[in-house]
Amino acid sequence: MSTDQVPASRAKPIREPHACFCATPSDHKRRQAYLYGRTPGVLVEVGEERRRQDIKFPEQSLSNGTGETRVNLAAVYREMLDAARGQNDYSAKYGGPQLATWESVLREEFCEAMLESDPAKLREELIQNAAVSVRWVEDIDRKGSV
């Protein structure tokens, strides 16, 4: 093998040229939202942000820093979780969407994640956080707030 050849196992797939005739990236995102629903467009933006993070902060391996062992923060997270659950439960029982807020839904999911020490359960909670965040962005886009 010559020095300018790449082993097949390390070769990157060749991407087909993009066949969209959108004038701008924002036109393309709007077209994606129309054709495929809002989630793929939002996930493209999330992927772009992750790429920027990787450029700014190359691969990191940090501790999770979650669970009840974080005595100084566990009590705060537990209190915030109870308040968010109370607001969300009250809203579901009595007020419907008029009393519900994305902040309280995401706060509940976030606090559940911060109190979790089991890596598998923490991963599940973080996926739920990501899903709620994406849904919140979709709601902002649907309302035309930006």
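Student: What should the 25 residues of helix α5 span at 1.5 Å a residue, and how far apart are its end C-alpha atoms?

Tutor: A note before the numbers: this is a predicted model. At 1.5 Å a residue, helix α5, residues 119-143, should span 36 Å, and its end C-alpha atoms are 36 Å apart, so the two values agree.

Student: How many helices and how many strands does the chain have, and in what order do the elements run?

Tutor: The secondary structure comes to five helices and zero strands. Read from the N terminus, the order is α-α-α-α-α.

Student: What share of the chain counts as buried?

Tutor: The cut-off is a relative accessible area under 20%. Of the 146 residues of the chain, 22% count as buried. As for the surface, the chain exposes about 11,600 Å², and carbon and sulfur atoms supply 56% of that area.

Student: How should I read contacts by their separation in sequence?

Tutor: Take contacts between residues at least 6 apart in sequence; in this chain, 53% of them join residues at least 24 apart.

Student: Which residues of α5 are buried, and what covers them?

Tutor: The general idea concerns helix geometry. An α-helix has 3.6 residues a turn, so residues three or four places apart point the same way. In α5 the buried residues are Leu122, Glu125, Asn129, Val132, Val134, Glu138 and Asp139. Their cover includes α2 (38-56) and α4 (102-114).

Student: Take asparagine 129 in helix α5. Is asparagine 129 buried or exposed?

Tutor: Asparagine 129 has a relative accessible area of 10%, so it is buried. Leaving aside neighbours within four places in sequence, asparagine 129 is in contact with Leu106, Glu109, Phe110 and Ala113.

Student: What follows α5 in the chain?

Tutor: Glycine 144 follows α5, and the phi of glycine 144 is positive, near 70 degrees.

Student: Which residues of α4 are buried?

Tutor: The buried residues in α4 are Ser104, Leu106, Arg107, Glu108, Glu109, Cys111, Glu112, Ala113 and Met114.

Student: How many salt bridges does the structure hold?

Tutor: There are seven salt bridges in the structure. One of them joins the side chains of glutamate 108 and arginine 85, at 3.6 Å from N to O. That pair links distant parts of the chain, with glutamate 108 in helix α4 and arginine 85 in helix α3 (residues 71-95), 23 residues apart.

Student: Which other salt bridge does arginine 85 make with a glutamate?

Tutor: Arginine 85 also meets glutamate 112, with an N to O distance of 2.8 Å. Arginine 85 lies in helix α3 and glutamate 112 in helix α4, so this pair ties together parts that are 27 residues apart in sequence.

Student: Are glutamate 108, glutamate 112 and arginine 85 buried or partly exposed?

Tutor: Glutamate 108 counts as buried at 15% relative accessibility, and glutamate 112 counts as buried at 15%. Arginine 85 has 33% relative accessibility and counts as partly exposed.

Student: How do I read a nonpolar core, and which residues make up the largest one?

Tutor: In soluble globular proteins, nonpolar side chains tend to be buried together. Here the largest nonpolar core has eight residues: Ala74, Tyr77, Leu81, Cys111, Ala113, Met114, Leu115 and Leu122. The elements giving two or more residues to this core are α3 and α4. Apart from neighbours within four places in sequence, methionine 114 is in contact with Thr66, Gly67 and Tyr77.

Definitions and conventions
Residues numbered from 1 in each chain as written. Predicted model: local features only at pLDDT ≥ 70, side-chain atom pairs only at ≥ 80, totals over all residues. Heavy atoms only, no water. Helix = DSSP H or I, 4+ residues; strand = E, 2+ residues; numbered from the N terminus. Expected span 1.5 Å × (residues − 1). Buried < 20%, exposed > 50% of the residue type's maximum accessible area, 1.4 Å probe, protein only. Contact = heavy atoms within 4.5 Å. Salt bridge = Lys/Arg side-chain N within 4 Å of Asp/Glu carboxyl O. Areas by Shrake-Rupley, 256 points an atom, 1.4 Å probe, with all protein chains shown as cover. Core = buried A, V, L, I, M, F, W, Y, C linked by side-chain atoms within 4.5 Å.
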